Amino acid sequence: MEAFNQKLFLWINASADAPSWLIESGRFLAEWPLIMAALLALLTLPIHRQQAPLIIVRVGCTLALALTVAYLFRYNFEHARPFVMGLGRTLTDHAATSSFPSIHMTLVLATGFPLLLIAATRATGGMILFLAAFVAWARIYLGVHFPFDMLGALVISLLAALIVQRLPLKKLLPARFSS
């Protein structure tokens with residue numbers, strides 16, 4: 001599996017002759033979709049005022065659970081980043097921390113999945129998940145993550161959203177808030 005992960009990384013990672021506009025696009029897409037995802041999530045609140053408390057609780061709990069699990073993996077199962085292994089080309093500065101799972105990807109996905117699971121915010125959730133695809137490509141393209149780091153973030157975030165959705169959180173909210 002690791003050989004496949006590395007081979008896929010090398011296929012996506014920027015080549016030596018990568019154009020500067022694509023590298024700069026990668027740098028933009030590695031960071032800005034996180035802010036865009038947060039803004040999209042916040043914009044759902046005034047649009048869906050009646051469900052705002054449910055949205056806040058679900059997104060907040062999903063983020064908390066997904067990030068907790070992601071950091072537990074990071075601190076307990078060391079996986080070197082591509083540049084630490086001398087693999088590929090690195091085009092952005094990054095600390096040599098464990099790469100699995102991607103925290104950037106976890107943040108975006110753990111914001112998007114709970115919104116996707118609420119009928120009223122499904123479109124916003126879909127837009128955020130669309131942004132996540134760009135984050136995944138950019139972090140690999142720039143040489144700071146492997147594809148499986150992105151897959152790990154996806155699995156962790158999706159499971160966190162599904163677990164949070166099943167929690168009886170609506171019982172904590174006034175009756176007029178529904179999913």
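Phe 148 is partly exposed, with a relative accessible area of 21%. Here buried means under 20% relative accessible area, exposed means over 50%, and partly exposed lies in between (1.4 Å probe, protein chains only). The model is predicted: local features need pLDDT of at least 70, side-chain atom pairs count only at pLDDT 80 or more, and totals for chains, interfaces and linings use all residues. Residues are numbered from 1 along each chain as its sequence is written, and side-chain values use heavy atoms, leaving out hydrogens and water.

**Aromatic pairs**

- The structure holds eight aromatic pairs. Rings of Phe, Tyr and Trp (its six-membered ring) pair if their centres lie within 6.5 Å; planes under 30 degrees apart count as stacked, over 60 as edge-to-face and the rest as tilted.
- Phe 4 and Phe 148 form a tilted pair, because their ring centres are 6.2 Å apart and their planes stand at 50°.
- Phe 4 lies in helix α1 (residues 2-12) and Phe 148 in helix α6 (residues 147-166), so the pair ties together parts 144 residues apart in sequence. Helices are DSSP runs of H or I with at least four residues, numbered from the N terminus.
- Phe 4 is partly exposed, at 47% relative accessible area.
- Tyr 71 and Tyr 75 are stacked, with 5.9 Å centre to centre and 20° between the planes. Four residues apart in helix α3, Tyr 71 and Tyr 75 are separated by about one helical turn.
- Tyr 71 is partly exposed at 34%, while Tyr 75 counts as exposed at 66%.
- Ring pairs also link Phe 73, Phe 77 and Phe 100 into a cluster.

**Helix α2**

- Helix α2 (residues 20-47) has 28 residues. From first C-alpha to last, α2 reaches 39 Å, close to the 40 Å expected. The expected span is 1.5 Å times one less than the number of residues.
- A kink of about 40° lies at Trp 32, shortly before the proline Pro 33. The bend at a residue is the angle between axes fitted to the seven residues ending there and the seven starting there.
- The buried residues of α2 include Ile 23, Leu 29, Pro 33 and Leu 45.
- The buried residues of α2 pack against α3 (52-76), α4 (103-116) and α5 (122-141). Contact means heavy atoms within 4.5 Å.

**Salt bridges**

- A search of the whole structure finds two salt bridges. Each is a side-chain nitrogen of Lys or Arg within 4 Å of a carboxyl oxygen of Asp or Glu.
- Glu 24 bridges to Arg 27, with the closest N and O atoms 2.6 Å apart. Three residues apart in helix α2, Glu 24 and Arg 27 are separated by about one helical turn.
- Glu 24 is partly exposed at 44%, and Arg 27 is partly exposed at 33%.
- Arg 139 and Glu 31 meet in a salt bridge at 3.2 Å, N to O. This pair links distant parts of the chain, with Arg 139 in helix α5 and Glu 31 in helix α2, 108 residues apart.
- Arg 139 is buried at 2%, whereas Glu 31 is partly exposed at 39%.

**Nonpolar cores**

- The largest nonpolar core has 26 residues. Such a core is a set of buried Ala, Val, Leu, Ile, Met, Phe, Trp, Tyr and Cys residues joined through side-chain atoms within 4.5 Å.
- The largest share of this core, six residues, comes from α5.
- A second, separate core of nine residues includes Ala 18, Ala 30, Leu 91 and Tyr 141.

Technical notes: Helix = DSSP H or I, 4+ residues; strand = E, 2+ residues; numbered from the N terminus.
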